[in-house]
Amino acid sequence: MDSASTISQDSSITARYRSGARPSARELRRIDRHLVSLVAPDSFEAEQYRRLRHVIEELRTGTGGSVAAVSSPIAGDGKSVTSINLAGALAQDRFAKVCMIDCDLRRHSTSLCQSFDSRFSDAQGLTDVVINRAISLDNVLVQLPAFNLAIIPTGQHQIGPYEVLRSRRFSEIVQEARRRFDYIIVDTPPIVALSDCKLIEKWVDGFVLVVAAHHTPRRFLKEALAALDRRKLLGVVFNCSDQVSARYYGYEHYYGGKGRGRRSAPGVTGWRAPNAAPSDR
Ligand SMILES: Nc1ncnc2c1ncn2[C@@H]1O[C@H](COP(=O)(O)OP(=O)(O)OP(=O)(O)O)[C@@H](O)[C@H]1O
Ligand SMILES: [Mg+2]
């Protein structure tokens with residue numbers, strides 16, 4: 001990993017975060033366009049992630065909690081897109097210190113991250129820290145100063161997710177991140193049929209559950225809700241919902257223009273409070 005990207009002290013984090021660096025137009029063009037909080041912060045879609053940001057900020061104000069996991073019932077519901085957009089929305093406050101931890105050791109979000117930084121392809125991360133005590137958090141944090149964001153990738157070392165997530169070292173890393181960052185967003189694997197989220201649950205202050213329109217079967221949503229500690233459920237994100245229309249709110253659609261592109265655009269993210277009735281498929 002590029003050593004210039006690593007940091008060694010809290011004070012240097014602060015210095016870089018406040019440096020006011022902005023992404024160049026070339027950098028922005030490379031980024032996956034689903035990451036609207038980063039590439040199009042003024043868009044209607046990005047506004048939806050700011051609504052979610054508000055929920056996380058309220059968690060911090062109300063309870064002091066700063067660690068929120070993003071999960072979903074099954075694969076492909078939009079956990080990684082939601083995680084990065086949420087972290088990006090929080091990081092729009094240039095004074096907030098925001099970190100995202102990729103805890104989906106089965107299907108990491110490298111391809112999304114790689115679109116904005118090629119260092120992710122061979123970056124050390126969580127598994128390396130867990131397996132080797134000589135590797136510190138500083139060694140694996142990938143700093144993206146232009147986005148005011150730090151990311152801990154999954155890592156290069158192949159080790160079973162269960163072993164990583166139950167390890168003492170993992171808990172130490174989360175605790176250290178807590179001390180150093182204002183907000184930590186944790187991208188997770190799906191809940192149904194895997195034990196990972198039960199292990200992650202212990203270390204986070206809240207869960208955001210992502211449900212994708214026309215994708216997540218209702219029975220799996222019920223299973224996921226039953227598996228979670230409901231006291232930690234912050235809310236449910238209805239991803240790719242076509243019920244929230246940008247035009248309705250007087251916004252021009254970011255990708256769409258007139259008629260075209262609505263299908264290829266990232267769906268807007270609807271937000272419902274915890275215990276809202278699950279939607280039908
Ligand atoms: N709001 C959205 N609008 C349009 N496409 C989206 C949206 N959210 C996610 N997608 C697309 O859906 C696919 C799955 O998204 P993502 O990788 O975030 O899901 P995931 O739940 O993290 O999947 P996995 O369980 O495999 O890690 C991707 O191709 C992504 O670009
Ligand atoms: Mg994912």
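These legends accompany several close-up views of a predicted model.

**View 1. Strand E6 and its covered faces.** Start with E6, which spans residues 206–212. This strand is mostly covered, with 7 of its 7 residues buried. Look at one side and you will find Gly206, Val208, Val210 and Ala212, while Phe207, Leu209 and Val211 sit on the other; both faces are covered.

**View 2. The partners of strand E6.** Strand E1 (residues 67–71) and E6 pair in the parallel sense, over 4 bridges. To find your way, look for Ala68, whose bridge partner in E6 is Gly206. E6 also runs parallel to strand E7 (residues 233–241), and 6 bridges join these two strands. A handy landmark is Val210, which has Val237 as its bridge partner in E7.

**View 3. His214, on the way from E6 to H12.** His214 belongs to the loop that links strand E6 (206–212) and helix H12 (218–227). Its phi is positive, about 60°, although this residue is not a glycine. Most residues other than glycine have a negative phi. Is His214 buried or exposed? It counts as exposed, because it has 10 C-beta neighbours inside 10 Å and the cut-off for exposed is 12 or fewer.

**View 4. Asn148, in the loop between two other strands.** Asn148 lies between strand E3 (142–144) and strand E4 (149–152). Asn148 also has a positive phi without being a glycine, with a value near 60°. This residue is buried, because 25 other C-beta atoms lie within 10 Å and 20 or more are needed.

Definitions and conventions. Residues numbered from 1 in each chain as written. Chains lettered and ligands numbered in written order. Predicted model: local features only at pLDDT ≥ 70, side-chain atom pairs only at ≥ 80, totals over all residues. Pairing = 2+ DSSP bridges.
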